[in-house]
Amino acid sequence: MTKREEYEKRTEELLAPIMEENNFELVDVEYVKEAGNWYLRAYVDKEGGITLDDCELVNRAWSDIMDAEDFIPDAYILEVSSPGLGRQLKKDKDFKRSIGEDVDVRFYRARKIPSGKGNKEISVKEITGTLKSFTDDTITIETDFEPEYIIPRSEISTVKLTIDF
């Protein structure tokens with residue numbers, strides 16, 4: 001387990017009681033370096049949507065716990081946020097909750113897909129479809145060109161809910 005994974009896992013464990021006490025959901029935790037600064041972020045949600053006051057409540061309680069535990073030696077910025085409209089699907093619970101929803105799937109490398117015009121194929125880095133199912137190794141989406149398009153998770157860089165404007 002990497003240092004980053006260890007910090008994220010430990011943080012999830014420390015946040016669990018706060019989430020349970022307030023009927024919030026911990027969507028994700030990330031420990032990332034951006035523009036020379038380390039960030040420890042918690043993405044939280046609740047039925048009906050998370051508010052700024054909810055984020056502040058979590059931040060205060062979490063900050064006190066992190067000060068007491070002090071298990072990350074690097075300087076970091078603590079952030080609590082909502083997962084946003086175009087939330088990334090990472091965990092099985094995210095995929096399960098999103099069955100039947102439209103998703104944008106981005107690949108690490110361009111992938112050939114049917115063009116819908118004869119036998120021609122086109123190369124794409126991203127496709128949109130309706131999430132039908134998932135396993136540990138694949139996700140299956142319904143697209144305009146294929147009713148069951150199976151994609152190996154190893155080829156996927158991100159899966160996000162589609163935002164319709």
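Which residues have the most contacts inside the largest nonpolar core? They are Leu15, Met19, Leu40, Trp62 and Met66, in a core of 21 residues. A nonpolar core is a set of buried Ala, Val, Leu, Ile, Met, Phe, Trp, Tyr and Cys residues joined through side-chain atoms within 4.5 Å. Buried means under 20% relative accessible area, exposed over 50%, and partly exposed in between (1.4 Å probe, protein chains only).

The model is predicted: local features need pLDDT of at least 70, side-chain atom pairs count only at pLDDT 80 or more, and totals for chains, interfaces and linings use all residues. Residues are numbered from 1 along each chain as its sequence is written, and side-chain values use heavy atoms, leaving out hydrogens and water.

Helices (H or I, at least four residues) and strands (E, at least two) are DSSP runs, numbered from the N terminus.

| Element | Residues |
|---|---|
| Strand S1 | 25-34 |
| Strand S2 | 37-45 |

H1 gives the largest share, five residues. A second, separate core has 16 residues, including Phe95, Ile139, Ile151 and Val159.

S1 and S2 pair in the antiparallel sense over nine bridges; pairing takes at least two DSSP bridges. Glu34 has Asn37 in S2 as its bridge partner. The two strands form a hairpin with two residues between them. In the turn, Ala35 has a positive phi of about 50 degrees.
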